[in-house]
Amino acid sequence: MSIILFAVFGLIVGFLARALLPGRQSMGLGMTALLGVAGSFIGGFLGSLITDSRVTDFNTAGLIGSVLGSILLLLVVGRASSRTASV
């Protein structure tokens with residue numbers, strides 16, 4: 001059951017990141033959920049470097065960190081894909 005909740009949380013975080021970042025990101029529901037899950041890990045890791053909390057703790061700062069991590073991941077993927085398209 002926790003895997004399903006983690007995927008749903010990732011989907012919500014992915015939707016928030018895509019809504020907050022301007023531009024067109026062409027990805028489906030599965031890729032949006034993976035974006036949110038990966039962003040959660042990135043945000044949790046960066047948050048654990050700053051605070052004493054664990055990566056897997058759930059709190060408000062973790063939600064914000066997850067969205068910020070997803071936005072960071074979207075920016076990196078967007079830059080990488082635009083470089084390969086122009087070459």
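Begin by selecting residues 2-20, which make up helix α1 with its 19 residues; helices here are DSSP runs of H or I with at least four residues, strands are runs of E with at least two, and both are numbered from the N terminus. From its first C-alpha to its last, α1 reaches 27 Å, close to the 27 Å expected at 1.5 Å a residue, where the expected span is 1.5 Å times one less than the number of residues in the helix. Before going further, note that this is a predicted model, in which local features need pLDDT of at least 70 and side-chain atom pairs count only at pLDDT 80 or more, while totals for chains, interfaces and linings use all residues. Residues are numbered from 1 along each chain as its sequence is written, and side-chain values use heavy atoms, with hydrogens and water left out.

Which residues of α1 are buried? Select F9, G10, V13, G14, A17 and R18, the buried residues of this helix; buried means under 20% relative accessible area, exposed means over 50%, and partly exposed lies in between, with a 1.4 Å probe and protein chains only. If you look down the axis of α1, these buried residues fall within an arc of 165°, so they line one face of the helix, the arc being that of the directions from the helix axis to the C-beta atoms. An α-helix has 3.6 residues a turn, so residues three or four places apart point the same way. Now turn to the face of α1 that points away from its buried side, where you will find the exposed residues I4, L5 and A19.

Stay in helix α1 for V8, which counts as partly exposed because its relative accessibility is 42%.

Next, select helix α2, residues 29-50, which has 22 residues and reaches 31 Å from its first C-alpha to its last, close to the 32 Å expected at 1.5 Å a residue. The buried residues of α2 include T32, A33, L35, G36 and V37. Within helix α2, pick out V37, which counts as buried because its relative accessibility is 18%. Leaving aside residues up to four places away in sequence, V37 touches F6 and G10, where contact means heavy atoms within 4.5 Å. The C-alpha atoms of V37 and G69 are separated by 9.5 Å, although the two residues are 32 residues apart along the chain.

Now show the surface and select F45, L46, L49, I50, L72 and V76, which form a nonpolar patch with about 620 Å² of accessible area together. Such a patch joins nonpolar side chains (Val, Leu, Ile, Met, Phe, Trp, Tyr) within 5 Å, using residues with over 30% relative accessible area and no salt bridge, and a salt bridge is a side-chain nitrogen of Lys or Arg within 4 Å of a carboxyl oxygen of Asp or Glu. Which helix gives the most to the nonpolar patch? That helix is α2, with four residues. I50, in helix α2, counts as exposed because its relative accessibility is 72%.

Move on to helix α3 and select G78, which is partly exposed, with a relative accessible area of 35%. The C-alpha atoms of G78 and G23 are separated by 9.8 Å, and the two residues are 55 residues apart along the chain.

Finally, display the whole protein chain, which has three helices and zero strands. Of its 87 residues, 29% count as buried.

Methods: Patch = residues over 30% accessible without salt bridge, like charges linked within 9 Å, V, L, I, M, F, W, Y side chains within 5 Å. Areas by Shrake-Rupley, 256 points an atom, 1.4 Å probe, with all protein chains shown as cover.
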